[in-house]
Amino acid sequence: MIMSKFLNFNLRDFGAGIWSGWNRPTRVIFVLLCIAVSGLLPFAAEFGPTSFLNTPVASYIDVLVYPIGMFVLMALGLNIVVGKSGLLDLGYIAFFAIGAYTHAILSTLYGWNAWESLPIGMLFAMVSGVVLGLPALRLRGDYLAIITLGFGEIVRIVALNIEVTGGPNGIPGIPNPPGILGLEFNLEYSRNFYYIVLALILLTIWMIRRFTVRRPGRAWEAIRQDEDVAALMGVNTLVYKLWSFVIGAAVGGAAGVIFASKVMVISPDMFKFEVSILILACVVFGGIGNIWGVILGAALLAYIPERIRFLTETRQLVFGLVLIIMMNIRPDGLLPRKKREKITQKGSK
Amino acid sequence: MNFSVVATEFPSLLLQGLALGLIYALVALGYTMVYGVLRLINFANSEVFMIGTFATLYVQVNFLGLTNGSEPLRGFKVVYALLLCLVSSMLVSAFVAVLVELVAYRRLRAKGANRLASLISAIGVSIVLMEWVGLLTGSRPRSGARILEKWSIFEIGGANFRIDTVMAIILPIIIFVILNRFVTKTRLGKSIRAVSMSEENSKLMGININRVITLTFIIGGLTTGAAAFLFMTVYENTAFTIGFNMGIAAFTAAVLGGIGNLRGAFYGGIALGLLEQFASAVIGSEWKAVTVFVVLVLVLLFKPNGLFGEAVQQTRT
């Protein structure tokens, strides 16, 4: 009994309860505190009490940028598509790949730097989102899943087979971004990449929160709950679905540009279907539709495989087991979304 | 672009495409049966296929004493060996499919969890199965043994009707005929169709939902196992990662034909096999997958429910 109470405990609602009890200054201080703590994360491995966070095989700070930071960013982007408007996207990695290749080509062939190609990479990802979304979003759930899956594979296969992307060898020698605000970006200063990713994550969170309370957010919520009803209520479902798709794509594209400038070499096998699935797993594992859940899920699912890297052979096996067990214990994810339905039921009585 | 190939090698491409397509069709059944009843993509079906290929390999090596490169069997022993491989592959696959249902779906279904949660737990099961076989085989691809000598029965216009190709065409057709009769004529088949129409109503009619779901997983496992056996007979190699590509192809086939529909899986599989063969001949094999997906998108745009529409119950006609 106590066990089941513990398992069904909704930390999200608990947290929201505390949050709504606070006044504005307390909230601001809390948010700043959270940002400060995440800003200190790169130092956690060297600091005594938190040194258990250290990843034994891979470099901790590199792990913090990729996969953890990148996964959090991409999971937030995918959450707009899967969590907010309820569209199943199995090829999210395509937008990441498009961003990465845009930067790689622009920088190696035309000498652009990462800050210049960031908006272009996002633009290309958004355009491809429209190209894919316009036909695909007219279809229902599972067909959308297979088409996005196909799109992800197409992007990878195209990168594998055309000349400008360097085929299976990929593109080497992508320059690091030039310094900005006194921060240098090169192999010695991985930490600074983390701050860039952190800034993008904060920007994305802010954007999602603004969207959620405004018209698009309400439209997405309506579409997610019942698309037919939403259409009857005058929501232009195709346009709003397309918007969620395109905004998700833009986040993926931005992540891709930063990723390419960090790793300096990209090749098609970095953008496999498995990564799409992993990011979807992050979203579902943490709690679909809830920003904090998604962040927690992505951070954990990116961190666990690195933490247990010493298992070498059985690493993926353990990871699979974690997925099964967690989903069986908490099907709604670690931090489930707010129980909106409950509130409306109470209101109608 | 090389269209002259089509003109010169048309019969051969047709035959190869048909054989490949019918193997796809059998795996697609695993997806389509489960989708019809549960409305879920059974993500772990690709690993059921992979384990089927290894079950065939295991029987070949350990029970029949065959290894890669050993002499093919002769006489009556061939039939015995083929049947033994087929049956064991089907049974092992069905067993794994039931296991998948128990581990990945049953508890979540009882809790009324959302569809994505089941999807992720199925992905978890498929990772575990894949990595487990990877550990057992040392992550190396394995070559299968040759049970029967691949003699050519006859040849028409360059199409070589080899014994294994013919087998890969005839066996799926037999399985489909049996399965179609089972689903349309028998009591259990009726209960499957009833559940796929409405779970609530079939519960009220006294149908044991859990039994029906297990049954569909068993059927899906059996057909996928048969496909694995045929794959090993025709292509003679496997690896622990083999399920992924087969899974995507088979799922595409199921969607192409109309997921949840038995005939859809059958014709979707054939269409996909032919499409892949001709696309690789004309445009080059590296663009095969791209062509397939472009065609899929076009089909879905004009026929949003696939070529043959949805749902198992439509096989009544």
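This is a predicted model: local features need pLDDT of at least 70, side-chain atom pairs count only at pLDDT 80 or more; totals for chains, interfaces and linings use all residues.
Guide: Helices (H or I, at least four residues) and strands (E, at least two) are DSSP runs, numbered from the N terminus. Residues are numbered from 1 along each chain as its sequence is written, and chains are lettered from A and ligands numbered from 1 in the order in which they are written.

Visitor: What phi does B:Glu236 have?

Guide: Most residues other than glycine have a negative phi, and most peptide bonds are trans. B:Glu236, although it is not a glycine, has a positive phi of about 60°. In chain A, A:Met264 is another residue other than glycine with a positive value, its phi being near 70°, and A:Met264 lies in the loop between H11 and helix H12 (273-286) of that chain.

Visitor: Which peptide bond is cis?

Guide: The bond from A:Tyr66 to A:Pro67 is cis, with omega near 10°, and A:Pro67 lies in helix H4 of chain A.

Visitor: Is B:Asn45 buried or exposed?

Guide: A residue is buried if 20 or more other C-beta atoms (placed from the backbone) lie within 10 Å of its own, exposed if 12 or fewer, and partly exposed in between. B:Asn45, in helix H2 (residues 45-63) of chain B, is buried, because 33 other C-beta atoms lie within 10 Å. B:Glu236 is partly exposed, because its count is 18, and A:Met264 is partly exposed too, because its count is 16.

Visitor: Which residues is B:Asn45 in contact with, leaving aside its neighbours within four places in sequence?

Guide: Two residues are in contact if their C-beta atoms, placed from the backbone, lie within 7 Å. For B:Asn45 these are B:Val27, B:Gly30, B:Tyr31, B:Gly220, B:Thr224 and B:Gly247.

Visitor: Which residues are buried in helix H9 of chain A?

Guide: In H9(A), residues 215-225, the buried ones are A:Ala219, A:Trp220, A:Ala222 and A:Ile223. They are on the same side of H9(A), because they cover an arc (of the directions from the helix axis to the C-beta atoms) of only 165° around the axis. What covers them includes helix H4 (60-84), helix H10 (227-232) and helix H11 (237-263) of chain A.

Visitor: How do the axes of H4(A) and helix H13 of chain A cross?

Guide: Axes are lines fitted to C-alpha atoms, for helices over the stretch in contact, and angles run from 0 to 180 degrees between N-to-C directions. The axes of H4(A) and H13(A), residues 291-307, come within 8 Å and cross at roughly 145°. A crossing is left-handed if the near helix is turned anticlockwise from the far one by less than a right angle, and right-handed if clockwise; H4(A) passes H13(A) in a right-handed crossing. The contact includes A:Pro67 and A:Phe71 of H4(A) and A:Ile291 and A:Glu306 of H13(A). By class, this contact has 15 nonpolar, three polar and one charged residues, where Ala, Val, Leu, Ile, Met, Phe, Trp, Tyr, Cys and Pro count as nonpolar, Asp, Glu, Lys and Arg as charged, and the others, Gly among them, as polar.

Visitor: At roughly what angle do the axes of H9(B) and helix H10 of chain B cross?

Guide: They cross at roughly 120° and come within 7 Å, H10(B) being residues 262-282, and this crossing is right-handed. The contact includes B:Ala249 and B:Thr252 of H9(B) with B:Gly264 and B:Phe266 of H10(B), and its residues divide into nine nonpolar, five polar and no charged.

Visitor: How many residues of chain B are in contact with chain A?

Guide: There are 34, and they meet 29 residues of chain A. Helix H3 (76-110), helix H4 (115-136), helix H9 (242-257) and helix H11 (288-302) of chain B each supply at least two residues of this side, and H4(B) gives the most, with twelve. This side of chain B divides into 26 nonpolar, four polar and four charged residues.

Visitor: In what sense do strands S2 and S3 of chain B pair?

Guide: Two strands pair if DSSP finds at least two bridges between them. S2(B), residues 152-156, and S3(B), residues 159-162, pair in the antiparallel sense over four bridges. B:Ile156 stands opposite B:Ala159, and B:Ser152 has B:Arg162 as its bridge partner. The hairpin has two residues between the strands, and B:Gly157 takes a positive phi near 50° there. S2(B) is hardly covered, the count of buried residues among its five being zero.
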